[in-house]
Amino acid sequence: MSTFSFLDRERTIARPGYSRWLVPPAALAIHLAIGQVYSFSVFVKPLLGLHDSAGAAWSQKEIGYIFSIAIAFLGISAALFSKWLERAGPRKVLFVAAICFGVGFIVSAIGVQIHSLALVYLGYGAIGGIGLGLGYISPVATLLRWFPDRPGLATGMAIMGFGGGAMIGSPLGTQLMGFFHTHSHYQPIAATWVTMGVVYFLFMMFGVFMIRIPRPDWKPAGWTPKASTSALISTHNVSANSAMKTPQFWLLWVMLCLNTTAGIGILESASPMIQNLFLGKVTAAAAGGFVGVLSLFNMGGRFIWSSMSDYVGRKTTFTLFFVLGTVLFYLLPGFSSIGLFVLTAGVLISMYGGGFSTAPAFLKDLYGSAEVSAIYGRLLTAWSTAGIVGPLIVNGILDHTVASGQPLRSAYPLVLHIMAALLLVGFLASLLVRPVAERFWMREGDKVAPSYGAH
Amino acid sequence: MNTAISDEKVTSSSLSVALAWAVVVLPAAWGVYNTVLRAINLFTK
């Protein structure tokens, strides 16, 4: 028997009587760990202060690429390995994800120690980014199979963890750097990354060992699949390759991309935005508090909106995001009340988070659960695209405003109104989503990923 | 006839479920606590 046979998909199938409530902690352990990527900003200032032996330092732009590469590799790896995720089963995938995420930190630490930005790009960006992509999808798809009665709740639980990961990663990174700065002779960032690599690897191992998949014929106690109450909830499965040929996949891709781009419109410059729009009224420390409030809304929205979608439907939920989002983004720059501004921005960010968690449940409704990980992996390229497009729009407008000698505060209404326009396009896309045509359905005898039953 | 297996006879103990949740809830709660502390800055002069 191979040393690593415990990773085999067959060894991951839950024994009879296994409580499905043991599976969300496994998924959360993975997402709370990889969600650290959203707290990368705590390292930006310390990295800017590093110099090589000749006194050269890295620029803000060069450091900014580290995060962008990680998010790009998240989308690329999720799409490229999407079919393998189905075949290998979640434990093997999450084990590889934990190794990539942990090793990414260690390689980056070496990069910081020898002042090699290329090594940091390779470590945190590429290797760590692959860990993100592999670790993101598998827990979500696994929970969808354990909670066929509440798919929105299932995806909300996992993806809420990704939002919460930044809340752990930010103070952890800051406190570790402070500790190594005062209590050791090690380079503080390098020592912090080595520590985080080891700690996150071990935390993810908890998820690796806890994760289980249900038997193909398993269903929750007392639950019988109801005759569908909505034409958008299919009782049939669609393969990943066929899903790519449906207009619904590309409409959902556009919806996720635009919803994410709009959220980035606030998140990318939240702190300077509130300080400039309320000049002299909001201090830098208070602006940091605004970022904290947005993090809480981001995390809460991931759970609340997708859980709500179990009752009102995914299409209605997305339509609400786009209608309410368009109105609120349009009104936001005009608010003179700080409280109203903060609350509105919070609601908008909750819908940004809600888009991430509602999308996989929407995929499950449209395409069934047989190959939902593979389909979801491909959909995540929308996120990577938004991760590039969103900052380009925001920073392009801000740079142009500064270059033309105008006050920075005059740029934010334009940024927010562009986001409102993007959400209007998203609304139109959501209106076009129809049930998947019968010709795309899997037929009897079509090959389905082994052990994954089709609920 | 529906032959699907349900988990009507769940054998996982409540303690193991509670411990598993504690492993993830405790660090998450620490993160939320730190975030709330930071967010309070917005509402204090």
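Mentor: Let us start with Arg9(A), which is buried, with a relative accessible area of 14%. Please keep in mind throughout that this is a predicted model.

Trainee: Why is Arg9(A) called buried?

Mentor: The relative accessible area of Arg9(A) is 14%, and buried means under 20%, so the label applies to Arg9(A).

Trainee: What makes the contact between Arg9(A) and Glu10(A) a salt bridge?

Mentor: The N to O distance between their side chains is 2.9 Å, and the cut-off asks for a side-chain nitrogen of Lys or Arg within 4 Å of a carboxyl oxygen of Asp or Glu, so the pair of Arg9(A) and Glu10(A) qualifies. A search of the whole structure finds seven salt bridges over all chains.

Trainee: How do you know that Arg20(A) and Asp149(A) form a salt bridge, and which parts of the chain does the pair tie together?

Mentor: Their closest N and O atoms are 2.9 Å apart, and the limit is 4 Å, so this pair also meets the criterion. Arg20(A) lies in the segment before helix 1 (23-34) of chain A, while Asp149(A) lies in the loop between helix 6 (117-146) and helix 7 (151-183), so the pair links parts that are 129 residues apart in sequence.

Trainee: Why is Arg20(A) called buried but Asp149(A) partly exposed?

Mentor: Arg20(A) has 12% relative accessibility, and under 20% counts as buried; Asp149(A) has 26%, which falls between the 20% and 50% limits and is therefore partly exposed.

Trainee: Turning to the nonpolar surface patch, which residues make it, and why is Ile114(A) called exposed?

Mentor: The patch, of about 500 Å², is made by Ile106(A), Ile110(A), Ile114(A), Val194(A), Val198(A) and Leu202(A). Helix 8 of chain A gives the most, with three residues, whereas Ile114(A) sits in the loop between helix 5 and helix 6. Ile114(A) has a relative accessible area of 55%, and exposed means over 50%, so the label holds for Ile114(A).

Terms used:
Residues are numbered from 1 along each chain as its sequence is written. Chains are lettered from A and ligands numbered from 1 in the order in which they are written. This is a predicted model: local features need pLDDT of at least 70, side-chain atom pairs count only at pLDDT 80 or more; totals for chains, interfaces and linings use all residues. Side-chain values use heavy atoms; hydrogens and water are left out. Buried means under 20% relative accessible area, exposed over 50%, partly exposed in between (1.4 Å probe, protein chains only). Helices (H or I, at least four residues) and strands (E, at least two) are DSSP runs, numbered from the N terminus. Patches are made of residues with over 30% relative accessible area and no salt bridge: like charges are joined within 9 Å, nonpolar side chains (Val, Leu, Ile, Met, Phe, Trp, Tyr) within 5 Å. Accessible areas come from the Shrake-Rupley method with a 1.4 Å probe; for residues, only the protein chains shown count as cover.
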